[in-house]
Amino acid sequence: MDKDVSAGSGITTVVGRLALGITLLAFGLGHTTVIDGVSAADATSIAQYVGGIALFVAGLMALREGDSAGGTAFSVLGALWFTWAVSDGAAGNEAGLFLLLFAVAALSLMLAGGDQLGQGMYGLFFVGLLLMAIAEFAGNGGLVKVGGWFAVAAGAVAWYAATAALAHWPTAVPRRRAAGRGVTATG
């Protein structure tokens, strides 16, 4: 594997991805209800302070460093996490609309490019939020749990990306050469 550790503009990206990873893990696990007695409401304080304030500050610092991609991602997600945390338990169509708008932001971040781990993280987060939005509109608790698992996966990718940058672990999947390159088919 490639030892590429260029996961952004340095320590600000690491801090942002760790904050996002912790928030996504708490948010996702709360929605899966896999841990007895832990619900999405239990992730509110983490979402407000780590996902909201810390992530927003990391975004501002990244923008100050000239990292427009990381700065935009972290500040937008920080604002959204803070809003979710203080929304006082919105449900139904109101929550569905918020999650759908949050999903659109995650989709934009995924499509913006960047490293493979970042795109994977935002892509998983997008799917999770989209599923949760649909579940809120339809009143489907099972779909909320599936969306929660996608958020957990996105959180794990965010955590890995931050840890990999610090520990100098691989952050890129090597690309394979196409089989038969240079060989022509005869008919």
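From the N terminus on, the elements of the protein follow the order α-α-α-α-α-α. The model is predicted, and it contains 6 helices and 0 strands. Of the 187 residues in the protein, 42% are buried. When contacts between residues at least 6 apart in sequence are considered, 71% of them join residues at least 24 apart.

The packing of helix α3 (residues 68-85) against helix α4 (residues 92-111) was examined in detail. The axes of these two helices come within 11 Å and cross at roughly 165°. Because angles over 145 degrees count as roughly antiparallel, α3 is described as roughly antiparallel to α4. The crossing of α3 and α4 is left-handed. On the α3 side, the contact involves Ala73, Val76, Leu77, Leu80, Trp81, Thr83 and Trp84, and these residues meet Phe98, Phe102, Ala105 and Leu109 in α4. By class, the contact of α3 with α4 comprises 10 nonpolar residues and 1 polar residue, with no charged residues.

Aromatic side chains were considered next. The structure holds 8 aromatic pairs. One of these is formed by Phe27 and Trp84, whose rings are arranged edge-to-face, with 5.1 Å centre to centre and 85° between the planes.

Another aromatic pair, between Trp81 and Phe125, is stacked, with 5.9 Å centre to centre and 15° between the planes. Trp81 lies in helix α3 and Phe125 in helix α5 (residues 116-138), so this pair ties together parts that are 44 residues apart in sequence. Trp81 and Phe125 are likewise buried. Ring pairs join Phe27, Trp81, Trp84, Phe98, Phe102 and Phe125 into a cluster. Trp81, Trp84, Phe98 and Phe102 of this cluster also take part in the contact between α3 and α4.

Glu136 lies in helix α5. The relative accessibility of Glu136 is 25%, and the residue therefore counts as partly exposed, given that buried means under 20% and exposed over 50%. Leaving aside residues up to four places away in sequence, Glu136 touches Ala91, Gly92, Ala95, Gly96 and Leu99. The C-alpha atoms of Glu136 and Leu100 are separated by 9.8 Å, and the two residues are 36 residues apart along the chain.

Gln48 lies in helix α2 (residues 44-64). At 18% relative accessibility, Gln48 counts as buried, because its value falls under the 20% limit. With residues up to four places away in sequence again left out, Gln48 touches Ile53, Phe82, Ala85 and Val86. Among these partners, Phe82 and Ala85 fall within the span of helix α3, residues 68-85.

Technical notes. Residues numbered from 1 in each chain as written. Predicted model: local features only at pLDDT ≥ 70, side-chain atom pairs only at ≥ 80, totals over all residues. Heavy atoms only, no water. Axes fitted to C-alpha atoms, helices over the stretch in contact; angles between N-to-C directions. Helix = DSSP H or I, 4+ residues; strand = E, 2+ residues; numbered from the N terminus. Parallel < 35°, antiparallel > 145°, perpendicular 65-115°, else oblique. Left-handed = near helix turned anticlockwise from the far one by under 90°. Contact = heavy atoms within 4.5 Å. Nonpolar A, V, L, I, M, F, W, Y, C, P; charged D, E, K, R; others polar. Phe/Tyr/Trp six-rings, centres within 6.5 Å; stacked < 30°, edge-to-face > 60°. Buried < 20%, exposed > 50% of the residue type's maximum accessible area, 1.4 Å probe, protein only.
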